[in-house]
Amino acid sequence: MPGLLTAAELVPAWTALANGRPDEAQRRIGPEPATRAEQLAWAAAELGRQPVTDDHVRATEQVVTELARGDDEIGAQAEYLRARLYQLHYATPDPARAAELFLALADRRPQSHWAQLGLVKLAMMRLYDSSGPATNRLAPAEALLARIHEPQLQRDLHLQIGQAGVTLGLPTRRFLPHFVAADRLGGLTGAALEDLIVQIGTLSFRAGEYPQAQAYLTRFLQEYPTNVRAYAVARLLERTQRGLAGEAKP
């Protein structure tokens with residue numbers, strides 16, 4: 001049918017949108033998006049049109065609400081995007097409505113990547129929900145971990161829970177296992193992995209978890225011997241070893 005774009009032909013539109021050019025994205029799609037894929041791309045681009053107004057958001061929601069009725073990948077993407085509208089895009093966010101939509105997506109399509117990603121976003125909302133005491137914020141996010149089966153998303157949520165524990169000033173032993181779990185799930189590279197190894201080693205030392213501190217600090221020195229932090233890490237390792245010796249005394 002004339003005017004219908006294939007998935008490959010939509011790539012330039014998505015690229016334009018990713019580069020902050022929503023008007024170009026919509027021009028590439030055309031004034032009357034026909035396929036579900038075109039409609040989804042058009043709706044996402046509508047969110048970036050300047051000036052950003054609730055009218056644009058409502059126009060997007062109208063499209064994605066209809067697309068979400070479909071039992072396919074685009075339907076899952078549309079449901080996820082609809083929840084994000086209430087989380088981020090309306091001038092007055094509605095976190096309760098966003099949470100309701102994220103949970104509905106997870107209940108309807110539990111195996112979908114977009115449902116899994118939605119659970120991560122929901123967990124982050126709960127971690128930084130200032131309506132309750134800081135000491136109670138990790139548990140609701142931790143409860144969602146059991147529903148996430150994608151290792152990369154599990155890892156990312158463990159990292160977010162651990163970082164929330166640091167930010168909220170919670171006891172180190174309360175959140176340190178999440179950093180360790182993130183490391184064991186793997187997949188981090190470069191500076192992110194370096195930082196995580198040092199963070200676990202340092203936090204383990206502060207928590208008095210000397211064997212774990214020794215393992216991570218030693219690992220850092222073995223894997224990154226020329227890193228600018230190597231000297232400081234070596235000194236902390238010496239203190240850790242003294243702590244281990246002290247524990248060994250009667």
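This is a predicted model: local features need pLDDT of at least 70, side-chain atom pairs count only at pLDDT 80 or more; totals for chains, interfaces and linings use all residues.
Visitor: At what angle do helix H7 and helix H8 pack, and are they roughly parallel or roughly antiparallel?
Guide: Helix H7 covers residues 113-127 and helix H8 covers residues 138-145, and their axes lie 8 Å apart. The angle at which H7 and H8 pack is about 165°. Angles over 145 degrees count as roughly antiparallel. H7 and H8 are therefore roughly antiparallel to each other.

Visitor: Which residues of H8 meet H7?
Guide: The crossing of H7 and H8 is left-handed. On the H7 side, the residues involved are Leu119, Leu122, Ala123, Arg126 and Leu127. By class, this contact of H7 with H8 has eight nonpolar residues, no polar residues and one charged residue. The partners in H8 are Leu138, Pro140, Ala141 and Leu144.

Visitor: How are H5 and H7 oriented to each other, roughly parallel or roughly antiparallel?
Guide: Helix H5 spans residues 73-89, and its axis comes within 9 Å of that of H7. The two axes cross at roughly 15°, and angles under 35 degrees count as roughly parallel. H5 and H7 are therefore roughly parallel to each other.

Visitor: How many charged residues are in the contact of H5 with H7?
Guide: H5 passes H7 in a left-handed crossing. Glu73, Ala76, Gln77, Tyr80, Arg84 and Gln87 in H5 meet Trp114, Leu117, Gly118, Lys121 and Met125 in H7. These residues divide into five nonpolar, three polar and, as charged residues, three.

Visitor: Are H10 and H12 roughly parallel or oblique?
Guide: Helix H12 comprises residues 210-223, and its axis is 13 Å from that of H10. H10 and H12 pack at an angle of about 40°. That angle makes H10, relative to H12, oblique.

Visitor: Which residues of H12 make the contact with H10?
Guide: H10 passes H12 in a left-handed crossing. H10 contributes Leu176, Val180 and Asp183 to the contact, while H12 contributes Gln212, Tyr216 and Arg219. By class, the residues of the contact of H10 with H12 are three nonpolar, one polar and two charged.

Visitor: Is Glu46 buried or exposed?
Guide: Glu46 is found in helix H3, which runs over residues 36-46. Its relative accessibility is 4%, and residues under 20% count as buried. Glu46 therefore counts as buried.

Visitor: Which side chains make polar contacts with that of Glu46?
Guide: Not counting residues up to four places away in sequence, Glu46 touches Gln26, His56, Ala59 and Thr60. A polar contact of 2.9 Å links its side chain to that of Gln26. At 3.0 Å, another polar contact joins the side chain of Glu46 to that of Arg49. The two partners are Gln26 and Arg49.

Visitor: Which residue just after H2 takes a positive phi?
Guide: Helix H2 covers residues 22-29, and its buried residues are Pro22, Glu24, Ala25, Gln26 and Ile29. Just after H2, a positive phi of about 105° is taken by Gly30.

Visitor: How far apart in space are Pro171 and Thr135?
Guide: Pro171 lies in the loop between helix H9 (151-167) and helix H10 (172-185). At 56% relative accessibility, Pro171 counts as exposed. Pro171 and Thr135 are 36 residues apart in sequence. Their separation in space, C-alpha to C-alpha, is 9.3 Å.

Technical notes:
Residues are numbered from 1 along each chain as its sequence is written. Side-chain values use heavy atoms; hydrogens and water are left out. Axes are lines fitted to C-alpha atoms, for helices over the stretch in contact, and angles run from 0 to 180 degrees between N-to-C directions. Helices (H or I, at least four residues) and strands (E, at least two) are DSSP runs, numbered from the N terminus. Angles under 35 degrees count as roughly parallel, over 145 as roughly antiparallel, 65 to 115 as roughly perpendicular and the rest as oblique. A crossing is left-handed if the near helix is turned anticlockwise from the far one by less than a right angle, and right-handed if clockwise. Contact means heavy atoms within 4.5 Å. Ala, Val, Leu, Ile, Met, Phe, Trp, Tyr, Cys and Pro count as nonpolar, Asp, Glu, Lys and Arg as charged, and the others, Gly among them, as polar. Buried means under 20% relative accessible area, exposed over 50%, partly exposed in between (1.4 Å probe, protein chains only). A polar contact is a pair of N or O atoms within 3.5 Å; within protein, one must be able to donate a hydrogen and the other to accept it, and residues adjacent in sequence count only if both atoms are side-chain atoms.
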